[in-house]
Amino acid sequence: MVVLFAARRHRAWRLALAALMACLWATSAAFVPVAQADTARPPAVNAKAAVVYDVTDRKVLYDKRGDEPMYPASTTKLMTAILLVQHLKPDDPVYISETASRQPRVRLGLRPGTELTAEQALLALVMKSANDVAYGIAETIGGSQEGFARMMNVEARLIGCTHTRFVTPNGLHADAHTTSAKDIALITAKAITYPRIVRAMQTPQATIAGKTIRNGNRLLYSPPPSIGEFIGGKTGFTSRAMYCLATAVRRPSDGHVLVSVIFGAPRKSLMYRETIRLLTWANRLSPPESPAS
């Protein structure tokens with residue numbers, strides 16, 4: 001009887017110990033940081049291509065078909081903006097020719113012979129995505145669309161782009177006009193080094209040639225805190241390219257500049273939603289601060 005009682009007590013003790021260990025394991029698992037789970041599984045993206053690029057570390061954090069040449073739509077205008085600030089001072093003139101005035105929508109709707117300052121042209125280019133102004137910039141700086149396209153491609157190579165061939169200054173469809181999500185990330189990173197471009201990206205409203213325009217980038221107005229500090233970006237759409245968006249932010253935890261690029265989203269809302277998801281995920285990738293010694 002004594003032996004039987006001892007055996008039962010020993011078995012009960014083993015069961016209690018096992019239950020305690022299971023409880024401790026479950027408790028510790030519950031306190032695994034959310035960031036750890038998120039970094040293990042990047043978000044799925046429904047767009048044709050997507051990239052998140054850490055500009056500070058020069059490192060690609062997320063890559064879905066990032067090197068595949070695709071139609072970039074109006075994200076092209078980031079390169080047009082770069083060449084504008086490189087070659088024109090704010091008060092230099094930009095001329096709108098007959099050909100420029102006939103560019104398809106979206107356009108500012110300027111008459112042939114209209115003259116803008118370079119700063120006005122930059123605002124119309126970045127905020128309104130005006131195709132007529134983009135063409136006028138190309139003719140003013142490059143003499144023609146073809147001459148400006150050569151300048152765009154030279155600058156793209158200097159930036160480090162390897163899958164880019166620009167044909168138009170505005171991103172209107174041309175079969176040969178292609179770039180990649182990674183290349184647009186590099187171009188975005190270059191664009192935000194110019195304070196004039198960043199100011200245009202962050203301007204909500206302006207009046208140009210008697211026309212009041214509003215910035216078309218929704219992230220400017222209410223960027224969710226999870227994406228970091230909004231620096232700027234550029235939207236784009238054509239029926240062939242679908243919805244495209246390049247976005248630059250500053251990660252709060254370490255100050256790193258991140259650029260996300262979405263190509264070929266089927267809906268405008270999805271273009272913004274996937275940008276937010278990617279940047280929210282990327283913001284959790286920074287290593288935790290070391291404890292004070």
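Glu68 is partly exposed, with a relative accessibility of 33%; here buried means under 20% relative accessible area, exposed over 50%, and partly exposed in between (1.4 Å probe, protein chains only). A salt bridge is a side-chain nitrogen of Lys or Arg within 4 Å of a carboxyl oxygen of Asp or Glu. Side chains of opposite charge can pair when their charged atoms come close.

This is a predicted model in which local features need pLDDT of at least 70 and side-chain atom pairs count only at pLDDT 80 or more, while totals for chains, interfaces and linings use all residues. Residues are numbered from 1 along each chain as its sequence is written, and side-chain values use heavy atoms, leaving out hydrogens and water.

The count of salt bridges comes to eight. The table lists some of them.

| Salt bridge | N to O distance |
|---|---|
| Arg196 and Glu119 | 3.1 Å |
| Asp54 and Arg251 | 3.7 Å |

Asp54 forms a salt bridge with Arg251. Asp54 lies in strand β1 (residues 49-54) and Arg251 in the loop between β8 (242-250) and β9 (257-265), so the pair ties together parts 197 residues apart in sequence. Helices (H or I, at least four residues) and strands (E, at least two) are DSSP runs, numbered from the N terminus. Both Asp54 and Arg251 are buried. A network of salt bridges links Asp54, Arg251 and Asp254.

Arg196 pairs with Glu119 in another salt bridge. Because Arg196 belongs to helix α9 (residues 195-201) and Glu119 to helix α5 (residues 118-128), this pair ties together parts 77 residues apart in sequence. Arg196 is buried at 15% relative accessibility, whereas Glu119 is partly exposed at 22%.
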